[in-house]
Structures are given as structure tokens and as C-alpha cells.
Amino acid sequence: MSLELLSILDQDGKAQKGKDPNLPPKELQKLYRLMVATRALDDRGLALQRQGRIGFYLQSTGQEASHLGAAYALKDSDWLFPAYRQPGILLLRSVPIEQIVCEWFGNEGDTSKGRQMPVHYSFRQANFVSISSPIGTQLTQAAGAGMAARIRGDDTVFMTFCGDGGTSSNDFHTGLNFAAVYKAPVVFVCENNGWAISVPSSKQTVSESMAIKAEAYGMPGVRVDGNDVLAVYRVCKEAVDRARKGEGPTLVETVTYRIASHSSSDDAARYRDAKEFEAWKKKDPIARFQQYLKHKKLWTEAFEQECLEGAKADIAAAVKAAEARPNPGPETMFDDVYMNPTPQLKEQRQELHELMQKGGVGADVGHFPL
Amino acid sequence: MTATGTKSAAAKAGTKVMTLLEAITDAMRTEMRNDDRVVVFGEDVGKKGGVFGATMGLFDEFGEKRCFDTPLSECGIVGTAVGMAVYGLRPIAEIQFLDFIYPAFDQIVSEAAKMRYRSGGEYTCPLVIRSPYGGGIRGGHYHSQSSEAYFCHTPGLKVVIPSTPADAKGLLVASIRDEDPVMFLEPKALYRHAKGEVPTGEHVVPIGKARIAREGTDVTVLCYGAMVPVCEQAAQAAAEQGRSVEVIDLRTLVPLDEAAVIASVKKTGRCVVVYEAPKTCGYGAELSAIVAEKCIEYLEGPIVRVAGFDTPFPYTLEHLYMPDQKRVLAGIDKTFAW
Ligand SMILES: Cc1ncc(C[n+]2csc(CCOP(=O)(O)OP(=O)(O)O)c2C)c(N)n1
Ligand SMILES: [Mg+2]
């Protein structure tokens, strides 16, 4: 048995007959704008890291269609349990760019108060649950949140993401199993970008696909061209609708490619074949969607300028504002460990305060090498 | 595969200046050449040579059979290492960051640590789990933790933490040859910062022996891993103020070289314990208790702990979280202000 790779757009952006989800022109343009803005955001993030202005960055370049198409199928009231490579969803959910950039700087404007590395966002206002580094942990949590919604009788749907590497984690298997057993309203999106740092997806599994693993857990598994935003949207919309109707979870595998290195600390040229990379570069999801819009007469040079220059200007303004903001105060380190600090934490806060009054504390710290 | 075991000591060889990271690679290379039961695996350890470069060159020299990438599962890495060790190999499992070891916790604590005991010695588990630990690289919560205490609290595991390149090689070789499971925790902040002469051939530093990193007479500072150079700097600064500080690099947390600790404290009469993990229930708590139990009558001041705070590891404020020279000096002051 083998799963078909679903797609709608061909490489020239032509939609196959009968498959086009026929989104209204305004929405198509909005999706395009978001994809362009996401790439601009990633470009700027990496540039800031290269300039030494932020400590780390991780791009989603090449995966804009994959995560934006998926999240576009949700209602704003639906929840996300993201991995770390879906920044476009923040733009989709109207998180102010300055807040995003404050997280990179880890300053006082960061919603997580400078406690995490760059790109580990938390935005309650966007139903975007705090990202952690340990791979896969969000998958079981999404299953649990889905179970909770069923217990409460809410019609919220939960979308959670992982990579191809994430499918090897314990939580992938447990999360899928629990979600299926309890018919939790969850859409599991596995963005198969071919690589987990330097390990190719062929070494994660010898299953013929990631999507086929769904079969073993008793849920539908769908494989979709992850660089085809309309196909991803359509497949995820069906999964979201099923979930909302109480028909349980779905595993969606978006077949895509990590165009950038793993992160600002990685150099993919050391382990990755240039030919493979070049071939995927030609399948750029933004270029393909642009062709589609052109066929529909929804794209002009002026529109492109407006999307790209508009995004760049917004990001530049956000960076300027964010960079001017101070770091969180030293005393904030002791907040949020518990609702109320323990006596020990209060004592330690006082101890640090006294040391700082005397001056000179603060070790030199190096740079993140991964 | 037939076991050839460890060949006897190689001819006297010279030394080479290496970073701590290079010394670790050298230890694995040496033992892989010596003993064909030794295999190295984990995430990104193959072609890439590890995210920090610790396994650089091993894939090229020994091939994929003995140095290989695994699927992304720490539980899988350690669980299979246990199976290999039980069957007769000498696996070295790399966990990319100690912060990511928790999915393997069950395999370490319930399985590797107890295999010998629960089988009445019929089965053993001679494996090494290597993992970078600790802060100082702007890695936030999940690339900075110093969670050695969890492992020290588990009977059956040895816990080794080097602080110099020569010790890194010698202790890793000893760990690979050890008949029991060893957690070999590598101070990532020192990977490239610590440089020193390392014997290029056979070099073994026995597990369970502390090192006097600096001799002194007025106060003992107990430390390990990345805190050792911090304490040495503090000792230097204290010397300029007329205080003679003895710095003990424990090298092995389990088994602890208690004799070295007690001898030093008896000599100086003062004790500061430095570790970067959260203060509460950290390894320094154990050290403090041992000193109190075994030589309280020699103390001229309270035992003082200088440690990380009882918070998750922060990102932006990392420089304030990590014990530094000033905090160690303040700790030393406290033992005198009594
Ligand atoms: C449990 C755990 N082990 C190891 C790591 C280190 N690590 C960070 S990202 C990564 C690869 C993840 O690959 P994949 O799931 O395919 O996601 P992608 O980065 O391709 O989006 C690894 C091994 C981690 N974060 N968590
Ligand atoms: Mg991947």
C-alpha cells in the first residue's frame, strides 16, 4: 500500500481541474502576502544573527506554504502547539512584529521575559502555546488539550507540528495513539523537510512515508506536496473539519525541504548534496503560488512591491523599536518559577541584589554553537 | 564480531596541545583503534561529526558500522546502548545536549543502572553516555542545564566530569574501559576554551581520584567541570588579597574521592562548594553534608555553597545566573567572616 502525494498546483502554478479550493481573491492575496512577509522576517532574523545583534536564529525558508497553508485552515479560536519552524503563523495571527523581534532580543518586551533562546515564542493572545526545544513534546500535549476540549464539549481544534526527526520521538507515537484512542480533535502536521540537522529523513524511518504511520494508530494519514500552499490548505481544512465534527485526529505529512541550514549555527553544505538542494530550490513555494496568482490576474509588479517592501518596512521599524528596549531586570529571573516565589528564591534574589550593589558580578558568556 | 579486548599500553608517546573537545575525540579514536567492541552513535555524530564536532573524523576512519547516526530518539539511543552492552559491545552513546536526555531517563535509571544488581551480576552494562552539559553559551533553558545530580542520585551509575583536556582524554578512556555504566558529562563551555597538553598515545586517568588544581592553605574550594577555571581565577584574585585558596577538581562525582576532600578541608579549615546547577539538592549539597559529617570539628567557618539559582536556566540573564569569580570570592569571604 502506498500513499499518493496530493498536490493541486503544478510547477508552473497551474491548478488541476476540480481540485482548486477556490479561495476568494482577497484571501489568496493575503496568503501570498503572509508567505512573502514570513520569508522577509526569516531573512532579517538571520541577518541580525550574522551581525551579532541577536544570539541565534532559525529560518523556515522553503516551508512557508507548508506551515501557513496548514494554519490557514484553522479558526482564530483554534489552538496551536507548534514546533520551532512555523513563524508565519504568528503573522497570520496578527502578532505585532515588534513582539516577535523582542523575543529575538530576549528583552523586556518579550512575552517570555527573555527566558528562552530566539524563536521559542509564546503568544497566548494568538492561542500559540509556548515552544520548547525538546523535540516532539508538544504532540502529546496537543492530544491532551484535544481530550480536554472533548471533556468540556468545546469545538476547538488543535493543530500541532513536528519535523521528520520528530516522528522518531516517543511523544510522536504516544501522542498519535492517545489522540486516536480518545478521538481528540487534533491535526498532527509533520513537516518532512528531508533533514533533521544532518540526518536525512531516510535514516529516521524505513516506512515508505511518515503519513503511513497513521494507519497503525487508526487514523487517516495524508501526504501532501508541502510546497503547494493550496494543497496543504485543502488537506488540512478537511482534517480540521473532521476534527471539529468529532471524527478524531489526522496525520498530515507535508513533503517539503529545509532550504536553509538547520539554524544560524549549522552549515548544511558540510553534509548535504548540492544537487538535491538546487533541485528543491527550483520548487520554491512562493514562486509557485505567484505563478498561480498571475494566471488568476491577482498579481502585479505593484502588488509584489507592496508585499515585499511593506513587509521589510514593518520589520525594519519593529527591529528599530525592539532593539532600543532594555533587557529584563535581574530581579525578574526569580519570577514565574512558581506563582509566588518560595522563601529560598526570595533569599537568592536578595543575595544577587546585594552582590550587584557591590558591582562586578556577571560572567562572560560565549556564543551558541548549534 | 569477536571481542579483542583492550590491548596493553602502547609505546611511550609524546604529547600534543589539544582543546578539551579534541581530547575527547582523541580518546574515542584511541579506544576504537584499541578495541573493536567500541562503537559510537547518536544524533548527527556520523558525517557531520557531532553538533560540537566531538566525533569528527570517526565516521571517516571507522565507517558507518562503528560510528553512526540514529533516529531522533534519546530513548532509542540509550535503550539500544543497553542492549549492545549487555550483549558484549562497548557502546558510547552521545546525547546531543544533557537537556535532551530525559526521554532516556527510564533506560538509564531503571535499566542501565540496575542491570548488574538485579541480575545478581549475571548481566552487566558497560556503556558510556557522553553528553555536553552546563551554561555559558547563550543556549537558554534547553542547552544549558547542569543536571548531574539526578544521575548521582542513582546507585549503579558512575558520574565523571573532566575540566582539562588531559583529564578529558584519560577519564574518557577509563570510562570506556570501565565495567559499569558511566555518565560522562562534558563541560561544553570549555570545549574550545580549555587547551592543554595531552598525551597522544595511551593515557588513562583513574575514575575516583580528585585532582588538586591549585594548592592552598586557608580555604578549600570544591568544584568540577566548567566551574574549575572560574574557581582558579577566584583563587588567583584571593591570593592577591592575601588568602591562600586550595582548589580541588573532583573529576569524578560518583565515586567521590572523599579522602581528598576531607584531607584538604582538614588542612585549610574552611570549605566553599561551587556548582552551576540549581542550589537546592545539587551535588554540592552532598559535598557539604560529607564535610559536615566527616570533619566539622576542623571547620573555622560555615560551609558555603555558591551555585546556580533555584530557577530554570535563563537566556538573557545567563551571565547573572552562572556563578562567576565575584560570587566565588563572596563565598570565600563568608567562610572568613565568622
Ligand atoms: C529531544 C531532543 N533531542 C535532540 C534535540 C536537538 N535537535 C534540535 S533540532 C533537531 C533536529 C530536528 O529535526 P526535525 O524534527 O526534522 O525538524 P526540523 O529541524 O527539520 O524542522 C535536533 C536533533 C532536541 N531539540 N530535542
Ligand atoms: Mg526535518
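Is A:Trp195 buried or exposed? A:Trp195 is buried, with a relative accessible area of 10%; buried stands for under 20% relative accessible area, exposed for over 50%, and partly exposed for what lies in between, with a 1.4 Å probe and protein chains only. The model is predicted, so local features need pLDDT of at least 70 and side-chain atom pairs count only at pLDDT 80 or more, whereas totals for chains, interfaces and linings use all residues. Residues are numbered from 1 along each chain as its sequence is written, chains are lettered from A and ligands numbered from 1 in the order in which they are written, and side-chain values use heavy atoms, with hydrogens and water left out.

A:Trp195 belongs to a metal site. The magnesium ion (ligand 2) is coordinated at 2.1 Å by A:Asp164 (OD), A:Asn193 (OD1) and A:Trp195 (O). Donors here are N, O and S atoms within 2.8 Å of the metal (3.2 Å for Na, K and Ca), and sites may look incomplete because water is not among the atoms. Along the chain, the donors of this magnesium ion (ligand 2) follow the spacing D-x28-N-x1-W. A:Asn193 also counts as buried, at 5% relative accessibility.

The next topic is the interface of the two chains. In chain A, 51 residues are in contact with 44 residues of chain B, contact being heavy atoms within 4.5 Å. Chain A and chain B bury about 4100 Å² between them, with 64% of it on carbon and sulfur atoms; this buried area is the accessible area (1.4 Å probe) that two parts lose on being put together, summed over both. The rule finds 10 residue pairs in polar contact across this interface, both residues at pLDDT 80 or more. A polar contact is a pair of N or O atoms within 3.5 Å; within protein, one must be able to donate a hydrogen and the other to accept it, and residues adjacent in sequence count only if both atoms are side-chain atoms. On the side of chain A that touches chain B, helix 12 (residues 343–358) of chain A gives the most, with six residues. Helices (H or I, at least four residues) and strands (E, at least two) are DSSP runs, numbered from the N terminus. The residues of that side of chain A divide into 24 nonpolar, 23 polar and four charged, where Ala, Val, Leu, Ile, Met, Phe, Trp, Tyr, Cys and Pro count as nonpolar, Asp, Glu, Lys and Arg as charged, and the others, Gly among them, as polar.

Two salt bridges are found across the interface of chain A and chain B, a salt bridge being a side-chain nitrogen of Lys or Arg within 4 Å of a carboxyl oxygen of Asp or Glu. B:Lys48 forms a salt bridge with A:Asp266, and the closest N and O atoms are 2.6 Å apart. A:Asp266 lies in the loop between strand 8 (250–255) and helix 9 (274–281) of chain A, and at 5% relative accessibility it counts as buried. The side chain of A:Asp266 also reaches the backbone nitrogen of A:His262 at 2.9 Å. Within chain A, A:Arg258 forms a salt bridge with A:Asp266, the closest N and O atoms being 3.7 Å apart.

Over all chains, the count by this rule comes to 38 salt bridges. In one of them, the side chains of A:Asp284 and A:Arg39 meet at 2.6 Å, N to O. A:Asp284 lies in the loop between helix 9 and helix 10 (285–295) of chain A and A:Arg39 in helix 1 (residues 25–50) of chain A, so the pair ties together parts that are 245 residues apart in sequence. Both A:Asp284 and A:Arg39 are buried.

In chain B, B:Glu179 forms a salt bridge with B:Arg90, with 2.9 Å between the closest N and O atoms. B:Glu179 is partly exposed at 41% relative accessibility, whereas B:Arg90 is buried, with a relative accessible area of 7%.

Some backbone features remain. The peptide bond from B:Val254 to B:Pro255 is cis, with omega near 0°, and B:Pro255 is found in the loop between strand 12 (252–254) and helix 9 (258–268) of chain B. B:Asp44 has a positive phi of about 65° although it is not a glycine, and at 2% relative accessibility B:Asp44 counts as buried. Phi of A:Ser94, another residue other than glycine, is positive and near 60°; A:Ser94 is exposed, with a relative accessible area of 58%.
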